[in-house]
Amino acid sequence: MADRPAMTDDEISKAAIDAVAGLVVTMKSKRQQSDAASACMLTAYNMLRAIEGDQFVIGWLESALADVKTNPPAFAIVRPH
């Protein structure tokens, strides 16, 4: 595999959002969208545990919980017509 140039944090974030949103918007019902997003979240959570370790993930989850309690969602799911 050829070496890829390093991606910026913004490029990584955009790629991740595009990947997950690309899957979620293909789901027909809200239930399927929720199931797809949940599967992505659980997959990413377990990958993050393997990469960074449990202590990191505990801090990440605590930060995420605080964010949920104090901020609205960062974006909305919009299905193309």
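Q: Which residues lie nearest the centre of the largest pocket?
A: Those are Val 20, Met 41, Ala 44, Trp 60 and Phe 75, out of a lining of 33 residues. Keep in mind that this is a predicted model.

Q: And how much space lies in that largest pocket?
A: About 1500 Å³.

Q: Which helix gives the largest share of the lining?
A: H2 does, with 11 residues.

Q: How do the lining residues divide into nonpolar, polar and charged?
A: There are 28 nonpolar, three polar and two charged residues around the largest pocket.

Q: Switching to the helices, at what angle do H1 and H2 pack?
A: Helix H1 (residues 9-24) packs on helix H2 (residues 30-52) at about 150°, and their axes are 9 Å apart. An angle over 145 degrees counts as roughly antiparallel, so that is how H1 and H2 run relative to each other. The crossing of H1 past H2 is right-handed.

Q: Which residues make that contact?
A: From H1 you have Val 20, Leu 23 and Val 24, and from H2 there are Gln 33, Ala 36, Ala 37 and Cys 40. By class, the contact of H1 with H2 has six nonpolar residues, one polar and no charged ones. Val 20 is also one of the residues nearest the centre of the largest pocket.

Q: Okay, what about H2 and H3, where do their axes stand?
A: The axes of H2 and H3 come within 7 Å and cross at roughly 135°, which makes H2 oblique to H3.

Q: Which residues are in contact there?
A: On H2 they are Tyr 45, Leu 48, Arg 49 and Glu 52, and on H3 they are Asp 54, Phe 56, Val 57, Trp 60 and Leu 61. The contact of H2 with H3 divides into six nonpolar, no polar and three charged residues.

Notes. Residues numbered from 1 in each chain as written. Predicted model: local features only at pLDDT ≥ 70, side-chain atom pairs only at ≥ 80, totals over all residues. Heavy atoms only, no water. Axes fitted to C-alpha atoms, helices over the stretch in contact; angles between N-to-C directions. Helix = DSSP H or I, 4+ residues; strand = E, 2+ residues; numbered from the N terminus. Parallel < 35°, antiparallel > 145°, perpendicular 65-115°, else oblique. Left-handed = near helix turned anticlockwise from the far one by under 90°. Contact = heavy atoms within 4.5 Å. Nonpolar A, V, L, I, M, F, W, Y, C, P; charged D, E, K, R; others polar. 1 Å grid on protein atoms, 1.4 Å probe; cavity = no way out; pocket = protein on both sides within 12 Å on 5 of 7 lines; lining within 4 Å. Points joined across faces, edges and corners; volume = space filled by probe spheres on them.
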